Amino acid sequence: MTEHVWNYPPSSGHLAGADLTGYKVEATDGSIGKVDKHSYEAGDAYLVVDTGVWIFGKEVLLPASTVSRIDLQEEKVYVNRTKEQIRNAPEFHRDKHLRDAGYRQELSTYYDVGGPGDGPVGSHRA
């Protein structure tokens, strides 16, 4: 199932080539920061979100499958996870984890989806 975690859901409204840098990111229960970096490559799409002071200025890596909707006019990305689910995700360090296959597999397991927005987040299934 984890092969879909790195793809934007068709219903998200993502347009290939759209620059999401600087867009605000909204969890299901409030704002979590802004997009600092993103990829829209098929099978390797993600957002790096600068959380500002929300979780002490850390960045988080969100697989594209967590995106439920993109509003190009409001410049907002809506994700289908709560702040707590995002806060509890495996810790992200850009220099260490951005291209680390092991880390990506750990995130895939954490954000495992059976379909857009479905998944036992935090279950850490083996």
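Of the 126 residues in the protein, 46% are buried, as computed from a model that is predicted. The protein contains three helices and six strands, and from the N terminus on these elements follow the order β-β-β-β-β-β-α-α-α. When contacts between residues at least 6 apart in sequence are considered, 53% of them join residues at least 24 apart. The accessible surface of the protein amounts to about 6,600 Å², and carbon and sulfur atoms account for 48% of that area.

In soluble globular proteins, nonpolar side chains tend to be buried together. The largest nonpolar core of the model comprises 30 residues, within which Leu47, Leu61, Leu62 and Val77 have the most contacts. Two or more residues are contributed to this core by each of β1 (24-27), β2 (30-39), β3, β4, β5 (67-71), β6 (76-79) and α3, with β3 giving the most, namely four residues. For Val77, and leaving aside residues up to four places away in sequence, the contacts are with Leu20, Tyr23, Lys24, Val25, Glu26, Val35, Leu47, Val67, Arg69 and Ile70.

Two loop residues were also examined. Thr66, located in the loop between β4 and β5, counts as buried because its relative accessibility is 0%, which falls under the 20% limit. With residues up to four places away in sequence again excluded, Thr66 touches Tyr78, Val79, Asn80, Arg81 and Tyr111. Phe92 occupies the loop between α1 and α2 and is likewise buried, since its relative accessible area is 6%. The residues that Phe92 touches, not counting those up to four places away in sequence, are Val48, Glu59, Val60, Leu61, His97, Leu98 and Tyr103. The C-alpha atoms of Phe92 and Leu62 are separated by 9.9 Å, the two residues being 30 residues apart along the chain.

Helix α3, which spans residues 101-110, has as its buried residues Tyr103, Arg104, Leu107, Ser108, Thr109 and Tyr110. The cover over these buried residues includes both strands and helices, among them β3 (46-50), β4 (59-63), α1 (83-87) and α2 (94-97). At the start of α3, the backbone nitrogen of Gly102 is approached by a side-chain oxygen of Asp100 to within 2.8 Å.

Methods
Residues are numbered from 1 along each chain as its sequence is written. This is a predicted model: local features need pLDDT of at least 70, side-chain atom pairs count only at pLDDT 80 or more; totals for chains, interfaces and linings use all residues. Side-chain values use heavy atoms; hydrogens and water are left out. Buried means under 20% relative accessible area, exposed over 50%, partly exposed in between (1.4 Å probe, protein chains only). Contact means heavy atoms within 4.5 Å. A polar contact is a pair of N or O atoms within 3.5 Å; within protein, one must be able to donate a hydrogen and the other to accept it, and residues adjacent in sequence count only if both atoms are side-chain atoms. A nonpolar core is a set of buried Ala, Val, Leu, Ile, Met, Phe, Trp, Tyr and Cys residues joined through side-chain atoms within 4.5 Å. Accessible areas come from the Shrake-Rupley method with a 1.4 Å probe; for residues, only the protein chains shown count as cover.
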